[in-house]
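Below is a short briefing on one protein model. It takes the overall form before the details.

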Amino acid sequence: MSLKALHIVFITVSILLAFGFAGWCGYYFMKYSELPMLVMGFISLVTGIVLIIYGRRFLQKLKHVNYM
């Protein structure tokens, strides 16, 4: 596995974890109404969006590099 492929895998896993954590924080906030969970959920949601933007730019920048 090349460094590019490994990087894509890590970005994808990080995006899934960020959105999963944001969803969990949202659920916890709806259940217990604790403000810190809402803040952490929002930060995690923004992080997931930033990671998507980063991943797209990474793919555009290295589109000429092979995966193997």
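The model is predicted: local features need pLDDT of at least 70, side-chain atom pairs count only at pLDDT 80 or more, and totals for chains, interfaces and linings use all residues. Numbering runs from 1 along each chain as its sequence is written, and side-chain values use heavy atoms, with hydrogens and water left out.

**Overall form**

- The protein chain has 2 helices and 0 strands; helices (H or I, at least four residues) and strands (E, at least two) are DSSP runs, numbered from the N terminus.
- With a radius of gyration of 15 Å, well over the 11 Å that the globule rule gives for 68 residues, the protein chain is more spread out than a compact globule. The radius is taken over C-alpha atoms, and the rule is 2.2 Å times the number of residues to the power 0.38.
- Along the principal axes, the C-alpha atoms fill a box of roughly 50 × 20 × 10 Å.
- Of the contacts with a separation of 6 or more, 67% join residues 24 or more positions apart; contact means heavy atoms within 4.5 Å.

**Surface and burial**

- The protein chain exposes about 5300 Å², of which carbon and sulfur atoms supply 74%. Areas come from the Shrake-Rupley method with a 1.4 Å probe; for residues, only the protein chains shown count as cover.
- Buried residues make up 21% of the 68 residues. Buried means under 20% relative accessible area, exposed over 50%, and partly exposed in between.
- Met1, Leu3, Leu6, Val9, Phe10, Val13 and Leu17 make a nonpolar surface patch of about 750 Å². Such a patch joins nonpolar side chains (Val, Leu, Ile, Met, Phe, Trp, Tyr) within 5 Å, from residues with over 30% relative accessible area and no salt bridge (a side-chain nitrogen of Lys or Arg within 4 Å of a carboxyl oxygen of Asp or Glu).
- Leu6 lies in helix α1 (residues 3–32) and is partly exposed at 33% relative accessibility.

**Ser44**

- Ser44 belongs to helix α2 (residues 35–61) and is buried, with a relative accessible area of 8%.
- Beyond its neighbours within four places in sequence, Ser44 is in contact with Ala18, Phe21 and Ala22.

**Aromatic side chains**

- The whole structure holds 4 aromatic pairs. Rings of Phe, Tyr and Trp (its six-membered ring) pair if their centres lie within 6.5 Å; planes under 30 degrees apart count as stacked, over 60 as edge-to-face and the rest as tilted.
- Trp24 and Tyr28 form a tilted pair, 5.5 Å centre to centre with 35° between the planes.
- Both Trp24 and Tyr28 lie in helix α1, 4 residues apart, about one turn of the helix.
- Trp24 is partly exposed at 45% relative accessibility, and Tyr28 is partly exposed at 25%.
- Phe21, Trp24, Tyr28 and Tyr32 form one aromatic cluster.

Note on methods: Patch = residues over 30% accessible without salt bridge, like charges linked within 9 Å, V, L, I, M, F, W, Y side chains within 5 Å. Buried < 20%, exposed > 50% of the residue type's maximum accessible area, 1.4 Å probe, protein only.
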